[in-house]
Amino acid sequence: MASFKGIDEFQQKLAYDGFATALLPPEVVEKLRGLAVEAFAEEAAGFQRAKPSAQGFPPRMEWHWASEGTDGKTVFKEAADVLSQYLPNFNLVAAKFIVATGECRPEDARFHQDFESPNVPLLATATALLPIWPLAFPEKEGNLEYYTWDDLMASKKVDATQVEEILAFSRVHRYVPGEAAVFDGKLFHRTQPFSEFAFASEKESEPLSKMRVLVSYYFAQLPPDNVWEGDVRKTLASQGAPIP
Ligand SMILES: [Fe+2]
């Protein structure tokens, strides 16, 4: 159970920067890792599989959405319950494994907002990304690049054609086991580029070798009469999520 102080600091950071980290118990993450091994080595049932249909994502990326009444849903829920302590006014809308293999060149991954629709306001949605594999991420590959609200304002002062200079304002969150990166649905972010060998295990036989596996959770505040719930559901459904 996260301490009240930890949760308080988390919420201040999420509001101020649009980005914060939340801690999960090792046994919860371990179960998700076990589920990933089952799902990707043995094609476990209970996932709705999809691939990004738009450009701007690593070329070999797959999405495995947890669907109703399966192990996937139950195991995913344990971590979601911990995250809900950090996000008490939010509802979980969908969850998935994100699996990337191969390489991702800088031009492959595009900075984007998870909930781009103008109907979705700031602080209404949150994405949590939890690293599952590898156990230790490379320092400069496959992590998460993002702009805090302040970084974004600062980058706007630079000539829009100077891509390198604008990129210099972005930050990198290095994935650490047991730590979820949580960010506002309006925060610009992308996958840090990676080479084909970035996630290879020492032992080739390792079931998740050469994969980068994350779990992503999508949360939204859904007060009565809000104007964004439809757009949140539509965005996730368009990515293959089992949304009623
Ligand atoms: Fe995203």
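Which residue in strand 3 is the bridge partner of Phe47? To find out, start with the ground rules.

This is a predicted model, in which local features need pLDDT of at least 70, side-chain atom pairs count only at pLDDT 80 or more, and totals for chains, interfaces and linings use all residues. Residues are numbered from 1 along each chain as its sequence is written.

Take the whole chain. Its secondary structure comes to six helices and 10 strands. Both are DSSP runs, numbered from the N terminus: helices are H or I with at least four residues, strands are E with at least two. The radius of gyration, taken over C-alpha atoms, is 17 Å, close to the 18 Å that the globule rule gives for 244 residues, so the chain is as compact as a globular protein of that length. That rule is 2.2 Å times the number of residues to the power 0.38. Along the principal axes, the C-alpha atoms fill a box of roughly 50 × 45 × 35 Å.

Two strands pair if DSSP finds at least two bridges between them.

Strand 2 is joined to strand 3 (residues 61–66) by four bridges, and the two run antiparallel. Here is the answer to the opening question: Phe47 has Ala66 as its bridge partner. Gln48 has Trp65 in strand 3. Next, five bridges join strand 3 to strand 4, again antiparallel. Trp63 has Ile98 of strand 4 as its bridge partner.

Contact means that the C-beta atoms of two residues, placed from the backbone, lie within 7 Å. Helix 1 has 14 residues and reaches 20 Å from its first C-alpha to its last, close to the 20 Å expected at 1.5 Å a residue. That expected span is 1.5 Å times one less than the number of residues. After helix 1 comes Gly18, with a positive phi near 85°.

What lies inside? Of the 244 residues, 36% count as buried. Buried means that 20 or more other C-beta atoms lie within 10 Å of a residue's own; exposed means 12 or fewer, and partly exposed is in between. The largest nonpolar core has 66 residues, and Ala36 is one of those with the most contacts inside it. Such a core is a set of buried Ala, Val, Leu, Ile, Met, Phe, Trp, Tyr and Cys residues joined through C-beta atoms within 7 Å. Beyond its neighbours within four places in sequence, Ala36 is in contact with Phe97, Ile132, Trp133, Leu208 and Val213.

Finish at Phe183, in strand 8. Phe183 counts as buried because it has 25 C-beta neighbours inside 10 Å.
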